[in-house]
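These are my notebook entries on a structure that was new to me. I set down what I looked up, entry by entry.

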Amino acid sequence: MKIKNIKAENYKTYKTLDLNLDVEEERPIILIGGANGCGKTTLFDAIYHALYGLEIKTAKEFEELFNAGVKNNNGGIGDSAIVLEITFSGRVLSTETPYKLKRTYKLINGAPVFSVELNMNGNKFVYGSATPTSQRNENEAVVNKIIAANLPAELSNYFLFDAMKTSDLVKEEQINKLIMKNINSVMGFNKYTSMMAAADALLAERKASKLENGNQRKEYEELQRKKVEAEQNLRQKRDDYAKALQYASDNKEQYELVKQGRNADDVTRDKINQLQQSVADFGNKEKNYRQDIDTLSKELELKVIFAKLAEVVRAEIEVILHEKKRVSENSNESLSNDQIEKITHDIVSFIGDHYQPNCEISESEIVKFVKSQMKKGEWEDKYSYLSDEDIETLGKLINSTYANPLVQLDETRNSLNSEVEVLPQRRAQIEEYRRALLGNDYSLIELYEHNDVHIKELKADIENKEKEIADIDKKIATYDYDIPQVPDPQYDMLCKLPEFFKTLSHRLLMTKKANIERMMKEQLNINLVIYAGVIGRVELSGEKSDDISFKIYHKNGNEIYLSQLNAGAKQTVMQVLLKVLYELGDYDPPVMIDTVMGVLDKESREVILERYFPDLAHQTILLSTDTEITTEHDFKKIEAYVSKVYTLHRDKEAQCTTISEDYFGLVTSEM
């Protein structure tokens with residue numbers, strides 16, 4: 001596959017884009033320069049989405065992709081469209097075939113619609129939002145099949161990639177998955193698996209037919225049915241597992257960004273809640289202040305006048321209360337009238353019994369005398385005109401606690417006056433924080449974390465299903481003894497076919513593995529600067545194409561752990577692996593690299609420039625700043641391999657990118 005041309009209209013920073021990407025056989029590199037923010041990554045995206053399409057679900061998403069300069073100049077989007085068109089060539093039965101794929105996106109009545117047109121050497125396949133379902137499915141399947149034949153979408157990220165992100169792929173699970181995917185899909189091992197499965201199915205039919213006992217035949221066929229069903233289920237789970245791993249890989253960076261965004265939003269929301277609570281507290285405080293004033297006006301007599309009165313008459317009242325207390329205490333020590341009369345009666349009776357009086361004694365006179373003597377005592381009540389209720393009221397008047405409410409109300413008023421001055425500022429801060437909210441759809445976090453759980457579940461399901469199939473195979477094998485051993489050359493040959501394809505696949509796998517190991521060792525010793533010349537071996541362990549692990553060893557025998565490599569070394573390992581898989585694979589796609597030098601140091605850059613890029617692929621598109629591939633030194637090192645150079649320029653006023661045919665002012669020789 002070779003990309004000939006890319007066109008775009010109204011796509012992100014490009015009002016119009018028409019770029020010739022054709023290369024000469026001896027000069028396979030297209031070098032595209034631009035400062036940060038000038039549209040390099042957008043050009044990368046334009047090529048990727050021209051091949052595989054954009055997924056635009058809402059008008060908002062459409063507007064975010066639409067060029068802002070066109071939108072502003074035209075007073076809106078109107079009936080303008082986003083157009084992506086890629087021209088490329090690919091081999092069909094060893095014949096070079098030209099293709100032109102055009103994707104158009106528009107807004108109609110506020111809803112995004114699309115149309116796709118593929119011209120394959122004069123034959124057109126068209127479908128879109130308005131196409132009848134059956135016709136759309138048919139033409140869409142043809143288009144997808146053609147793209148997959150040249151570069152499957154699931155492998156595109158390994159040939160069209162951002163070098164800055166390659167270090168994320170150099171993790172044990174990811175790199176093993178990449179190698180397995182290439183061995184199975186890119187290197188064509190799936191076809192041997194299919195042939196082995198077909199031979200197995202045919203052999204099972206023949207074995208069943210040879211079983212003479214009807215019950216045995218039914219049992220055998222049922223076991224075969226269960227095996228086929230289990231194998232289908234296993235394939236589905238492996239596919240789901242691969243998709244889940246791919247989803248995790250594709251969305252990890254976005255997941256981490258969104259998670260950081262959610263954390264930032266949570267902090268912002270906390271600040272908003274705090275400010276809103278302070279505004280609410282002010283409102284409640286003001287409400288309570290007004291209620292206190294209203295209550296004071298209704299209870300002015302009790303809370304103010306009585307308090308003042310108690311202060312003025314306190315001394316006099318305390319004298320009265322003290323006197324009444326003394327009288328009360330003395331009264332408690334004297335006798336009551338009934339007691340006096342009873343005691344007097346008892347005394348008179350006693351005298352009458354023991355003494356002979358000269359005259360008659362009058363009890364009433366004695367009682368009267370005693371009472372008159374008691375009134376003349378020290379306990380005479382000066383305030384007898386005051387009732388007990390009066391005394392209780394006077395006591396409450398001077399003993400009640402009187403806090404001056406005006407002091408507290410004045411403090412509250414001053415506090416409210418201070419707070420009301422900052423209230424507009426707090427409300428403005430709330431609005432600023434609301435505008436600062438990122439507004440992301442955090443459903444990705446839940447989906448990503450659910451996917452992680454799903455990966456673990458699928459891994460366990462796959463192990464259980466493999467065990468189930470192994471158990472079924474053991475049961476099936478017991479029926480071999482019941483099949484009559486009658487000479488049958490065709491049947492005998494059929495018995496050998498599954499094992500033949502299995503052996504063939506295994507031998508080819510071992511050969512491929514040996515080639516990958518050999519080439520990886522050679523390339524790492526050249527390109528991996530920190531271990532150049534000391535890589536002892538590269539090992540792909542595992543006996544099956546779906547069970548591969550990748551390891552690197554020093555010539556002294558110790559393993560060089562991928563996790564311990566720095567970001568630049570990881571980038572180099574990934575790029576070397578891609579080059580090896582590219583050369584050994586069945587596909588022949590272009591390679592497109594954004595931020596080409598990523599995090600490489602000076603020495604690694606020189607090695608990559610001189611030994612890696614020139615023979616990486618038949619078409620290599622490099623997107624670089626002038627600090628990555630410099631005009632002073634680096635450009636000259638690859639100039640002989642460069643077919644075309646371009647520089648992207650950002651027009652801030654027009655909000656678009658323009659292109660010149662040079663690399664930051666330099667042009668290639670013999671152009």
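Entry 1. I looked for a bend in helix α16 and found a kink of about 30° at leucine 497, shortly before proline 498. The model I am reading is a predicted one.

Entry 2. I then checked the length of helix α16, which covers residues 489-527. At 1.5 Å a residue, its 39 residues should span 57 Å, and I find its end C-alpha atoms 55 Å apart, which agrees.

Entry 3. I turned to the packing of α16 against helix α17, residues 567-584. I noted that two packed helices are described by the angle and the distance between their axes. Here the axes come within 9 Å and cross at roughly 140°. Angles over 145 degrees would count as roughly antiparallel, so I record α16 and α17 as oblique to each other. Their crossing is right-handed. On the α16 side I listed contact residues including Lys512, Ile516, Met519, Met520 and Leu524. On the α17 side, Val573, Val576, Leu577, Val580 and Leu584 are among them.

Entry 4. I looked up aspartate 162 and placed it in strand β8, residues 160-162. Which residues does aspartate 162 contact, leaving aside its neighbours within four places in sequence? I found Phe44, Asp594 and Thr595. Phenylalanine 44 is 118 residues from aspartate 162 in sequence, yet their C-alpha atoms are 9.1 Å apart.

Entry 5. Last, I consulted the confidence values. The mean pLDDT of the protein is 81, and 84% of its residues reach 70 or more. Confidence is highest in strand β1 (residues 2-11), at a mean of 96, and lowest in helix α6 (residues 166-169), at 57.

Terms used:
Residues are numbered from 1 along each chain as its sequence is written. This is a predicted model: local features need pLDDT of at least 70, side-chain atom pairs count only at pLDDT 80 or more; totals for chains, interfaces and linings use all residues. Side-chain values use heavy atoms; hydrogens and water are left out. pLDDT is the predictor's confidence in each residue, from 0 to 100. Helices (H or I, at least four residues) and strands (E, at least two) are DSSP runs, numbered from the N terminus. The expected span of a helix is 1.5 Å times one less than its number of residues. The bend at a residue is the angle between axes fitted to the seven residues ending there and the seven starting there. Axes are lines fitted to C-alpha atoms, for helices over the stretch in contact, and angles run from 0 to 180 degrees between N-to-C directions. Angles under 35 degrees count as roughly parallel, over 145 as roughly antiparallel, 65 to 115 as roughly perpendicular and the rest as oblique. A crossing is left-handed if the near helix is turned anticlockwise from the far one by less than a right angle, and right-handed if clockwise. Contact means heavy atoms within 4.5 Å.
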